Amino acid sequence: MKINTIKNLDNFSGTIIIPVFETYAKSIVPITFNSLEIPSAVFFGKKDTHYVAEKNNNTYVFVGLGKTIDYKSLKTVFRRISAKQKEHFSSDIALVLLDQFTEDQVEAIVSGLLLGTYDLGHFKTDKTTHPFLETDFNLNLFSEKDFLAAAKKGIKIAKAQLATYHLVDLPPNTVNPKYLANWAKETGEKYGFDVEVLGYDASKIAGLGAFLAVGKGSENEPQFIIMNYTPKQKVKSLKHIGLVGKGITFDTGGLNIKTAGMLHMKCDMAGGGAVLGAMQLIADLQLPVKVTAIVPCAENAVDAKSFLPSDVIHSYSGHSIEIIDTDAEGRLVLADGLSYLIKNFKPEYIVDIATLTGSSVATLGFECGALFTNNEKMAKKLQENGDAIGERLWPLPLWDVYKSDIESDIADVKNFSGKAVAGAISAAKFLEYFTQEHKAWAHLDVAGVAFGDDEFAKSKHATAFGVHLLTKFIENL
């Protein structure tokens with residue numbers, strides 16, 4: 001994809017996209033654009049409407065935005081146009097941007113157009129290539145203001161989210177721990193961050209006992225992915241952020257096997273996918289921060305070697321863990337990820353993200369992720385940045401009264417409360433136990449928002465929730 005700015009449309013030949021706010025549309029009746037007259041009765045700029053016309057070897061696509069529109073809705077509108085009206089697009093696009101647009105809005109528009117190229121049919125034999133993915137595709141910005149930087153940023157955001165769509169939506173016989181490790185290495189080499197991977201033997205030597213317990217029942221070797229990004233430019237007082245993402249590439253539940261919902265458990269690495277996508281985006285944007293990210297990748301399978309309910313295992317931190325439920329495995333790999341991150345890298349801020357509990361879905365539904373932190377400043381920043389882009393979070397308590405839910409008679413801690421209530425909270429308290437009382441740690445439970453239903457496919461699929469949120473939070477620290 002090539003992106004340019006142009007000052008006139010006189011000699012342009014291709015598809016011209018004109019986003020129109022409703023108030024603007026009503027102020028010039030009928031609409032006249034580039035000698036093309038659009039009857040006001042046909043198009044008023046109402047939200048979720050569009051009008052297509054042909055004239056002078058050009059296809060004009062007018063897109064209604066309503067009176068006001070938020071970032072997420074704007075992005076969705078243009079993803080919809082791109083995905084469902086691609087027959088109108090050529091290899092040359094002119095995007096007409098009014099002066100009233102902001103840089104964030106242009107970022108959302110361009111990002112949405114590129115996201116519209118995503119096709120869930122990865123293994124279909126009759127796939128057709130979207131015009132935007134052709135090698136000779138040109139996106140031309142027609143505007144009095146300079147929106148080039150915003151548009152380029154929108155493309156980078158979409159590319160990282162598209163990469164995460166692929167990682168989460170591809171089947172588990174493709175995306176196993178080794179696949180994610182290789183993806184991280186290749187992406188790190190391409191975008192500029194260092195990657196180290198600990199396989200089974202190296203993880204055993206390191207003492208990652210909780211992580212290995214989860215993965216030992218699978219023929220696919222667990223992979224403990226460690227990524228480090230440092231900006232190319234010199235920065236004074238470089239902030240250091242740590243990320244941890246749950247990378248369970250498939251979750252059967254282990255010997256406490258799932259009785260429902262197993263079909264969708266390829267998405268149990270969506271937290272890890274978000275961290276991988278965020279690392280691509282952070283490096284692509286060359287943010288002036290230092291980031292260390294860990295994605296512990298394992299498959300929770302059923303086998304003679306699988307860990308057992310009532311086992312006592314030993315974590316990287318040195319603490320023992322009683323296994324109450326083998327389906328509470330995500331918190332085990334995250335515990336070792338957090339402990340390893342804190343001991344070896346000592347970041348100032350830590351955010352972990354995981355599709356951790358059905359309890360968070362029962363509490364908050366499919367509208368937002370659950371946020372746990374005792375750091376009010378971090379909570380506010382994460383919520384503000386999430387609200388700005390439509391990746392919303394809502395806080396739940398980490399009160400010490402919930403500590404009793406993870407107390408064990410035989411070990412230092414147990415991995416599941418055994419109760420039918422407050423499951424997301426007790427899981428967060430379990431993770432908190434392994435943070436060494438870090439003063440700037442936040443846990444995001446995104447089970448309800450990382451994989452779901454929308455208009456872009458008939459089956460549940462990835463949302464890439466967290467890729468942009470983590471990046472924007474880090475960018476605005």
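The largest cavity in this predicted model is lined by M1, I93, V110, L113, L114, F132, F137 and L139. Sorted by class, that lining comprises eight nonpolar residues, with no polar and no charged ones. Helix α3, which gives the most to the lining with three residues, also packs against helix α2, where the two axes come within 7 Å.

**Cavity**

- The structure holds one cavity of 30 Å³ or more, and the space in the largest cavity comes to about 40 Å³.
- Rolling a probe the size of a water molecule over the atoms shows where empty space is left.
- Among the residues that line the largest cavity are L113 and F132; L113 is also one of the α3 residues that meet α2, while F132 also takes part in an aromatic pair with F89.

**Packing of α2 against α3**

- Two packed helices are described by the angle between their axes and by the distance between those axes.
- For helix α2 (residues 71-84) and helix α3 (residues 103-115), the axes cross at roughly 35° and come within 7 Å, and α2 passes α3 in a right-handed crossing.
- On the α2 side the contact is made by Y71, L74, K75, F78, R79 and S82, which meet D104, Q105, E107, A108, I109, S111, G112, L113 and L115 in α3.
- By class, this contact between α2 and α3 has seven nonpolar, four polar and four charged residues.

**Aromatic pairs**

- The structure holds eleven aromatic pairs, one of which is the tilted pair of F89 and F132, with 5.1 Å from centre to centre and 45° between the planes.
- This pair links distant parts of the chain, 43 residues apart, since F89 lies in the loop between α2 and β7 (92-96) and F132 in the loop between α3 and β8 (138-142).

Key: Residues are numbered from 1 along each chain as its sequence is written. This is a predicted model: local features need pLDDT of at least 70, side-chain atom pairs count only at pLDDT 80 or more; totals for chains, interfaces and linings use all residues. Side-chain values use heavy atoms; hydrogens and water are left out. Axes are lines fitted to C-alpha atoms, for helices over the stretch in contact, and angles run from 0 to 180 degrees between N-to-C directions. Helices (H or I, at least four residues) and strands (E, at least two) are DSSP runs, numbered from the N terminus. A crossing is left-handed if the near helix is turned anticlockwise from the far one by less than a right angle, and right-handed if clockwise. Contact means heavy atoms within 4.5 Å. Ala, Val, Leu, Ile, Met, Phe, Trp, Tyr, Cys and Pro count as nonpolar, Asp, Glu, Lys and Arg as charged, and the others, Gly among them, as polar. On a 1 Å grid over the protein atoms alone, a cavity is a set of points where a 1.4 Å probe fits but cannot get out, and a pocket is an open set with protein on both sides within 12 Å along at least five of seven lines; lining residues have an atom within 4 Å of a point. Grid points are joined across faces, edges and corners, and a volume is the space filled by probe spheres set on the points. Rings of Phe, Tyr and Trp (its six-membered ring) pair if their centres lie within 6.5 Å; planes under 30 degrees apart count as stacked, over 60 as edge-to-face and the rest as tilted.
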